[in-house]
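Reader: I have a model open and want a quick tour. Can you take it one piece at a time?

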Amino acid sequence: MDVHPDVERTAESIATMETRGAAAIADAAAAALATQAREGEAADPAEFRAGMRAAARRLRETRPTAVSLPNALRYVLRGMQGEDVTTLRDSVVDCAETFRYDLDRAQDRLGRIGAGRLRDGDVVMTHCHSTDALACVEAAVEQGKHVEAYVKETRPRQQGHITAKELREMGVPVTLVVDNAAHRYLDECDHVLVGADSIAADGSVINKIGTAGLAVSARDRGVPIVVAAGTIKIHPDTLTGAAVEIEHRDEAEVIDDETRAELGDVDVLNPAFDVTPPRHIDAIVTERGQFPPESIVTLMRELFGDAVEAPWQEPGDGVP
Ligand SMILES: O=C(COP(=O)(O)O)[C@H](O)[C@H](O)COP(=O)(O)O
């Protein structure tokens with residue numbers, strides 16, 4: 001079944017990482033579902049529902065690791081109610097708008113909670129680019145605290161540059177360092193502050209490749225590791241033992257054609273994310289408060305229950 005061109009465009013922009021970062025991906029997916037509902041050409045309720053499921057599947061298949069994407073799709077499709085096309089359409093559009101509004105508010109709230117951990121004069125080290133992590137720094141700055149940052153470059157796509165720019169816009173002094181220099185500068189830092197793409201039931205945090213190594217180094221240097229992540233990053237499937245799929249991206253992000261020709265028969269691996277175990281994390285800051293990683297499972301049960309649905313599936317199709 002064809003999906004609305006806007007859904008196709010959004011899916012492309014997520015897959016190519018023009019839209020990236022777990023929160024932005026969730027927001028874009030909800031907006032695309034709203035467009036599918038508003039502008040799709042369904043003749044009857046069954047066709048409307050099938051179109052929504054097809055749109056959600058197209059968005060779902062773009063990137064596998066950030067659970068904010070399926071959580072957004074689940075939220076919007078669960079709100080699809082009605083016996084005629086107009087009612088169905090209105091319910092999806094309303095639900096998508098509520099989701100996007102709540103996502104924004106949740107980030108503001110978790111930012112204020114995370115800011116409570118930052119004292120005047122503190123130095124943070126960041127990895128990748130996380131809007132949740134930056135919300136904590138922004139709130140601290142708004143409270144009048146002076147915060148400085150070491151920003152890891154984050155090879156291969158250098159999302160650290162985005163972080164550096166946004167921190168500078170907040171007036172935060174920034175020192176950009178190559179990833180391998182993190183250990184050297186941790187003694188000058190008071191916190192490691194990162195985001196998350198998914199949080200598993202045991203409190204493990206799945207985030208940009210390099211987070212796990214940074215956390216090991218930070219433990220070694222006695223620097224607390226704070227993960228800023230809205231509850232949309234909680235991965236309900238992990239409650240029943242499912243593993244979080246780690247995305248592997250193209251080797252072209254790591255080496256160019258010329259280098260490839262020079263290297264010859266060499267394998268290149270480009271995993272986009274890694275898993276930091278709960279013992280290396282001090283706190284997970286959400287819009288519902290901050291939690292030790294081990295207690296995330298309680299929040300997970302409260303928010304998602306035990307049954308995880310895949311409402312984008314066609315009836316009778318067993319594959320989520
Ligand atoms: O790992 C990344 C982004 O990876 P990529 O660049 O591969 O998408 C971010 O730390 C999380 O998605 C959290 O971001 P946010 O806090 O903005 O949701």
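**Domains, core and ligand shell**

Author: The protein splits into domain 1 (5-109) and domain 2 (116-304), with bounds that come from an automatic or database domain assignment. This is a predicted model, where local features need pLDDT of at least 70, side-chain atom pairs count only at pLDDT 80 or more, and totals for chains, interfaces and linings use all residues. Residues are numbered from 1 along each chain as its sequence is written.

Reader: What separates the centres of domain 1 and domain 2?

Author: Taken over C-alpha atoms, the two centres are 26 Å apart. The contact between them takes 17 residues from domain 1 and 19 residues from domain 2, where contact means C-beta atoms, placed from the backbone, within 7 Å.

Reader: Which elements give two or more residues to the side of domain 1 that touches domain 2?

Author: H2, helix H4 (68-78) and helix H5 (85-115) do. H5 gives the most, with five residues. Helices (H or I, at least four residues) and strands (E, at least two) are DSSP runs, numbered from the N terminus.

Reader: How do the residues on that side of domain 1 divide?

Author: Into nine nonpolar, five polar and three charged. Ala, Val, Leu, Ile, Met, Phe, Trp, Tyr, Cys and Pro count as nonpolar, Asp, Glu, Lys and Arg as charged, and the others, Gly among them, as polar.

Reader: On to the ligand. Which residues come nearest?

Author: Of the 17 residues around the ligand, Gly 21, Ala 23, Ser 130, Thr 131 and Gly 195 come nearest; a residue is near if its C-beta atom, placed from the backbone, lies within 6 Å of the molecule. H2 provides the largest share of this shell, three residues. Domain 1 and domain 2 each contribute at least three residues to the shell.

Reader: And the division of that shell, nonpolar, polar and charged? What is it?

Author: Seven nonpolar, six polar and four charged.

Reader: Which residues does the UniProt "active site" annotation cover?

Author: The unreviewed UniProt entry gives Cys 128 and Asp 197; positions are in the numbering used here, feature names are shortened, and annotations may be inferred rather than shown by experiment. They are spread over 70 residues of sequence yet cluster in space, with a largest C-alpha distance of 11.3 Å.

Reader: Is Cys 128 buried or exposed?

Author: Cys 128 is buried, because 27 other C-beta atoms lie within 10 Å. The cut-offs are 20 or more for buried, 12 or fewer for exposed and partly exposed in between, with C-beta atoms placed from the backbone. Cys 128 sits in the loop between strand E1 (123-126) and H6.

Reader: Where is Asp 197, and what is around it?

Author: Asp 197 lies in the loop between strand E4 (191-194) and strand E5 (198-199). Asp 197 counts as buried because it has 30 other C-beta atoms within 10 Å. Leaving aside neighbours within four places in sequence, its contacts include Ala 22, Thr 65, Lys 233 and Phe 273.

Reader: Which residues touch the most other members in the largest nonpolar core?

Author: Cys 136, Val 192, Val 227 and Ala 228, in a core of 52 residues. Helix H6 (residues 131-142) gives the most to this core, seven residues. Such a core is a set of buried Ala, Val, Leu, Ile, Met, Phe, Trp, Tyr and Cys residues joined through C-beta atoms within 7 Å. A second, separate core of 37 residues includes Leu 33, Tyr 75, Ala 96 and Phe 99.

Reader: Last one: why does Asp 267 count as exposed?

Author: Because Asp 267 has 6 C-beta neighbours inside 10 Å.

How values were computed: Two residues are in contact if their C-beta atoms, placed from the backbone, lie within 7 Å.
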